Amino acid sequence: MSEIAVEARSAVKTFGQGAAAVRALDDVSVQINKGEFFTLLGPSGCGKTTLLRLIAGFETPTSGQILLDGADITALPPNRRAVNTVFQSYALFPHLTVAQNIGFGLEMLGRPRAEIAATTERMLALVRMEEFAPRKIAQLSGGQQQRVALARALAPQPKVLLLDEPLSALDLKLRKEMQVELKRLQLETGITFVFVTHDQEEALTMSDRIGVMRAGRILQIGRPVEIYTRPANRFVAGFIGESNFLPATIDGGRLRLAAGTEIEADDLRGRHGAVTVTVRPEQVRMVAADAPGALPATIRAWVYFGTDTHCHLTLADGSAVVVRLASPASGDAGLQQGASVGLRFAPGAVQVLGD
Amino acid sequence: MAPTPISNEDRAVGASTRRAWALATPALAILVLAASGPLLIVLVYSFLTPGQYGNVEWRFSLDGWAGILVTRDIFDGTLGLADAHLTIFWRSVKLSLLTTAITFGVGFPTAWFIATRPLKSRALWLFLITIPFWTNLLIRTFAIGEVIRREGLLNTVLIKLGLISEPLSIGYSDGAVLIGMTYVYLPLMVLPLFAAIDRFDMRLLEAGYDLYASRWQILRRVILPIVKPGIIAGSILVFVPSLGAYVTPRVLGGGKNMMIGNFIELQFGQGRNWPLGAALSMTLLVVVTIALLFYVRTANRGADHG
């Protein structure tokens, strides 16, 4: 099951020349398995779309290789790669009907009419758009266009489907629906999906694995739970979900916060001296100020979010900590600003960050 | 049922409609009088008898219309098919179609080039395209004549480059007329094509390329159908004036290679056969109208069924 569908080997992409040259991709290597839902996650300008365009063939790497099913496709043009793309703008053909759009790829491949009709029919059913077959693209809503774009890219049965922030143009509710829909399509078709997004929630909910990118490099690759609970560095911890960052020192295998309290961490990563530790807001519990072993803190503010409430506190050394609590039924946590409390970190929740 | 009382709102709408009509009246009057007045006169003249020294005599006759296709032998008075007329019609249609085709062939890459320039330089390119409009058509046509004549610029350059040894004799031929009309009408093709290509979403090229289309298939299956309105507009703008061209064939075709426009002029001048000229004018109008209707119908079908 862990056969590799698509692979980038030391891919470098530079735009521009000389002093103005921009390194969009800086020696990126990644292996994406067959049947996997792989997400490239990162802020805009991190190189995730460039990597996608290298796989699609719209850009040629400055150096490095792209492999599809083990074969080097670096020099092949897009129309000779068994890879299809769902574009951010959908890029549907406005002069064709929904059905003609979906059949376009197969038609260009020179497949027989009967096969094109049958596959188009199947794709329409797959994305639940049967009754829209004869419509023109301009007569569809954004969500419907999204489905047609998916069906069009899936119809030629590509080895890899590339999705370039396909949900970013949809409103929140539709986006949530399409997230579920995309996952269903991926499971039903068994096609490898490479999904590009800057939305960490999208990445966490849909992916089998996530590659977090920044400034042309992949910082960490892992399952969503790994990325979330064991971020490799401060950027990953901050970009995916919210996190508290606390200065600390490691001395003789013991971890001591700058605020003075000694705490437990699973893995000190062989570090020594000054480090940063991270802990997710939902992994911090508030206890009585005089509870044994608790970290003394002072409440600064409460922020109400509906399902949960955030409490902002400061430690003895002035560093800030956010605690996320399920909102109490009364809507009032009871403790006032300025009150002294104790904090405890859930076991295994404290991570020592790499650089 | 009681009659619906007229509300203030209806009254206001009525008043504003009346005002709009009143404001449009001068323009409408000019259009109706200037367009249909002369046309009516031409139509009436086509059914009259030619006068001795030009003009018309007010006697009904169908000779003008018959003269389009048949001609009476001056010696024995027998009727025969007017071969010379048919040659002129055929040349007009042929040259106009060729002009349209060549301006499209040359104009499409040009329009594509301009539409894909950065926004800043695009204005400059468009400006360059419109420069010929600044000079009088007659002067431009003579200029082209200078370029293509036996001892002209084109032949001099080609001989100097060693590409030809004998000068090409392009002057005063259908070829010369074709070159002239292509030059004169090229901007009329480029501008509507540019407008259509400018609206074209270039991202569709990637979509087509991604979906296994070759470059040729992208051109034929994606670009051309989408910019079709521009192609139709450009073709109409070139074909219609080409068919009625007067100055270019007159200057570049010499006396021999007449087109309909010159032939009509001849009837009102030396030919002294105003009814024939009028009938020819009406025929040209009908042909152009039919061509336009055909274009419009094709265009609409394209919009409906892709």
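When neighbours within four places in sequence are left aside, the contacts of B:Arg91 comprise B:Asp174, B:Lys256, B:Asn257, B:Met258 and B:Met259.

Before going further, the confidence of the prediction deserves a word. The model as a whole has an ipTM of 0.84 and a pTM of 0.82, while chain B has an average pLDDT of 87, with 95% of its residues scoring at least 70. Among the elements of chain B, the lowest mean pLDDT, 78, belongs to strand E4 (residues 79–81), and the highest, 96, belongs to helix H8.

Helix H8 of chain B covers residues 203–210, and its buried residues are B:Leu204, B:Ala207, B:Gly208, B:Tyr209 and B:Asp210. These buried residues pack against helix H9 (215–226) of their own chain B and, in chain A, against helix H1 (48–56), strand E6 (83–86), helix H2 (98–108) and helix H4 (142–154). After H8 of chain B comes B:Tyr212, which has a positive phi near 70°.

The view from chain A can be taken at A:Ala91, which sits in the loop between E6 and H2 of that chain. A:Ala91 counts as buried because its relative accessibility is 2%. Not counting residues up to four places away in sequence, A:Ala91 touches A:Arg152 in its own chain, and B:Arg203, B:Leu204 and B:Ala207 in chain B. Along the chain A:Ala91 and A:Pro77 are 14 residues apart, and their C-alpha atoms are separated by 19 Å.

The nonpolar interior comes next. In soluble globular proteins, nonpolar side chains tend to be buried together. Here the largest nonpolar core has 64 residues, of which A:Leu51, A:Phe93, A:Phe104, A:Val160, A:Leu162, A:Val194 and B:Val227 touch the most other members. Helix H7 of chain B (residues 174–199) supplies the largest share of this core, eleven residues. Returning to A:Leu162, its contacts, not counting residues up to four places away in sequence, are A:Leu52, A:Ile55, A:Ala56, A:Val83, A:Asn84, A:Thr85, A:Val86 and A:Val194.

A further part of chain A is built from paired strands. Strand E17 (residues 308–315) of chain A is mostly covered, with seven of its eight residues buried. On one side of the pairing, seven bridges join E17 to strand E16 (residues 295–304) of chain A in an antiparallel arrangement, and A:Thr314 of E17 is the bridge partner of A:Thr298. The hairpin of E16 and E17 has three residues between the strands, and in it A:Gly306 takes a positive phi near 95°. E17 is also joined by seven bridges to strand E18 (residues 320–326) of chain A, and these two strands run antiparallel; here A:Asp308 has A:Ala326 of E18 as its bridge partner. The hairpin of E17 and E18 has four residues between the strands, and A:Gly318 in its turn has a positive phi of about 90°.

Methods. Residues numbered from 1 in each chain as written. Chains lettered and ligands numbered in written order. Predicted model: local features only at pLDDT ≥ 70, side-chain atom pairs only at ≥ 80, totals over all residues. Heavy atoms only, no water. Buried < 20%, exposed > 50% of the residue type's maximum accessible area, 1.4 Å probe, protein only. Contact = heavy atoms within 4.5 Å. Pairing = 2+ DSSP bridges. pLDDT = per-residue confidence, 0-100. Core = buried A, V, L, I, M, F, W, Y, C linked by side-chain atoms within 4.5 Å.
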